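Me: I have a structure here that I would like to walk through with you, one question at a time. Could you take a look with me?

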Amino acid sequence: GEGSTVKIGLHYELTGGVAEYGNAELKGSQLAIKLANADEGNKYDYEGISYDNKSDATEAVALAAKYVSDGVVGVVGPATSGASAASYPILNDGKIVVVSPSATANNQTLKDPSDPTSDVYEYVYRVCFEDAYQGAAMAQYAIDTLGAKTVAIYGSVSSDYAKGLNGAFTEQFEKLGGKVVANESYQDGDTEFSAVLTSLASKEFDVLYIPGYYNEAGLIIKQARALGIDCPIIGGDGFDSQTLDDLAGAENLNDVYYTTAYTTVGASDALKAFIDEYKAEYNAEPSMFEALAFDSTNLLIQAIEKAGSTDAEAVNKAVAEIEFSGVTGDFTFDETHTPIKSVLVVELEDGVQANAVAVTPR
């Protein structure tokens, strides 16, 4: 009943390959719980139950079973699509609401992601948009705002993320009448891009799209600018890192644009308050990952409060019907339990986020 403690599973990658994301999201979740417990208007107290899935899908499955036996009402996490997908069947069968902060893989919330007509997991939701949506949004922006009619694409073939962006961008760009004049590829870990860039430099195109992560993108941008490719360079949220600046050099990061779920440019009052609370708690600046986890955890808590119950079906109904206002945007859920929200496109000037606009692909 009221005044009792409700357990929420915080299911993150605290060690292993993607521990940077998991630890960031744990901080966002813990801050949301701390602030909820300080709110005297709330019916319940909240306790975060944190285990480390070690950036490993098999470990994520074992922890999912542990959360079921612990009697948590909901789970937030993991940070990555793979570990999330591995844990969904057990948590869904256990009637535990899952809110994924950053599982962005296409059709992630469906029981069979390879089949777009597959049933959605009844208890699984996410607060991030999917990869295909941000790829389509970048194409929309390139055509509408940058006036691009032609594009050269130089993308990673190492990750589903990059391939998903590439496919969705190409589809939307061509649908809107644009033309892809080149589609070149690299492997993650590559450092030498000048051979491909030299061949691209001899072609005519309005924009260069780099679907991939900051490690390679930073070097590609630096080498492209050195070869005289001075058109706008565009990318996805894989660009969103200080490392991009370090590798490319701030002087090369002008007329560079990328899609993201989070920017502090033109911050709302709610976002400013979150940043202040986060700084006070951790003496650091939050990133997109802390913000997405903060929203995920708050969404779950709001639903539990609205349900006025820890009954699984009541909480799930409250999540499904929520009209959520968060620091990463305001949204409701579509029929695949993915949020209907705008994508942000940020512009870099000397490596610093200078402008941001919201884009919805048509």
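This is a predicted model: local features need pLDDT of at least 70, side-chain atom pairs count only at pLDDT 80 or more; totals for chains, interfaces and linings use all residues.

Me: Is the crossing in which helix 1 passes helix 10 left-handed or right-handed?
Reply: The axes of helix 1 (residues 19-38) and helix 10 come within 7 Å and cross at roughly 40°. That angle makes helix 1 oblique to helix 10. The crossing of the pair is right-handed.

Me: Thanks! How do the residues of the contact of helix 1 with helix 10 divide into nonpolar, polar and charged?
Reply: On the helix 1 side, the residues include Tyr 21, Ala 24, Glu 25, Gly 28 and Leu 31. Helix 10 brings, among them, Phe 289, Glu 290, Ala 293, Phe 294 and Ile 301. By class, the contact of helix 1 with helix 10 has eleven nonpolar, four polar and two charged residues.

Me: Is helix 1 oblique or roughly perpendicular to helix 9?
Reply: Helix 1 and helix 9 have axes 11 Å apart and pack at an angle of about 100°. Angles of 65 to 115 degrees count as roughly perpendicular. So helix 1, relative to helix 9, is roughly perpendicular.

Me: And how many charged residues are in the contact of helix 1 with helix 9?
Reply: Helix 1 contributes Lys 27, Gln 30, Leu 31, Lys 34 and Leu 35, while helix 9 contributes Phe 274, Glu 277, Tyr 278, Glu 281 and Tyr 282. Sorted by class, this contact has five nonpolar residues and one polar residue, and the number of charged ones is four.

Me: Which residues touch the most other members of the largest nonpolar core?
Reply: This core has 67 residues. Its largest share, eleven residues, comes from helix 10 (residues 288-307). Apart from it lies another core of 27 residues, which includes Ile 210, Ala 248, Val 256 and Tyr 258. Within the largest core, the residues touching the most other members are Tyr 46, Phe 169, Phe 274 and Leu 299.

Me: Let's stay with Leu 299. Which residues is Leu 299 in contact with, leaving aside its neighbours within four places in sequence?
Reply: Leu 299 is among the residues that touch the most other members of the largest nonpolar core. With neighbours within four places in sequence left aside, its contacts are Val 99, Val 127, Val 319, Ile 322, Phe 324, Phe 331 and Phe 333.

Me: How are helix 4 and helix 5 placed, oblique or roughly parallel to each other?
Reply: Helix 4 (residues 131-144) and helix 5 (residues 160-175) have axes 7 Å apart and an angle of about 40°. Their crossing is right-handed. The contact includes Ala 136, Met 138 and Ala 139 of helix 4, along with Leu 165, Ala 168 and Phe 169 of helix 5. By class, there are eleven nonpolar, five polar and one charged residues, and the two helices are oblique.

Me: Is Ala 152 buried or exposed?
Reply: Ala 152 sits in strand 6 (residues 150-156). Leaving aside neighbours within four places in sequence, Ala 152 contacts Val 181, Ala 182, Leu 200, Phe 205, Val 207, Leu 208 and Tyr 209. Ala 182 is 30 residues away along the chain, yet the two C-alpha atoms are separated by 4.7 Å. With a relative accessible area of 0%, Ala 152 is buried.

Me: What is the relative accessibility of Val 265?
Reply: Val 265 lies in the loop between strand 10 (256-260) and helix 9 (269-282). Not counting residues up to four places away in sequence, Val 265 touches Gln 353, Ala 354, Asn 355 and Ala 356. Val 265 counts as partly exposed, because its relative accessibility is 25%.

Me: I'd also like to check the backbone. Which residues does a cis peptide bond join?
Reply: Most peptide bonds are trans. Here, a bond with omega of about -10° is cis. The cis bond joins Gly 77 and Pro 78.

Me: Last one: is Asn 283, with its positive phi, buried or exposed?
Reply: Most residues other than glycine have a negative phi. Asn 283 has a positive phi of about 55° although it is not a glycine. Asn 283 is found in the loop between helix 9 and helix 10. At 75% relative accessibility, Asn 283 counts as exposed.

How values were computed
Residues are numbered from 1 along each chain as its sequence is written. Side-chain values use heavy atoms; hydrogens and water are left out. A nonpolar core is a set of buried Ala, Val, Leu, Ile, Met, Phe, Trp, Tyr and Cys residues joined through side-chain atoms within 4.5 Å. Buried means under 20% relative accessible area, exposed over 50%, partly exposed in between (1.4 Å probe, protein chains only). Helices (H or I, at least four residues) and strands (E, at least two) are DSSP runs, numbered from the N terminus. Contact means heavy atoms within 4.5 Å. Axes are lines fitted to C-alpha atoms, for helices over the stretch in contact, and angles run from 0 to 180 degrees between N-to-C directions. Angles under 35 degrees count as roughly parallel, over 145 as roughly antiparallel, 65 to 115 as roughly perpendicular and the rest as oblique. A crossing is left-handed if the near helix is turned anticlockwise from the far one by less than a right angle, and right-handed if clockwise. Ala, Val, Leu, Ile, Met, Phe, Trp, Tyr, Cys and Pro count as nonpolar, Asp, Glu, Lys and Arg as charged, and the others, Gly among them, as polar.
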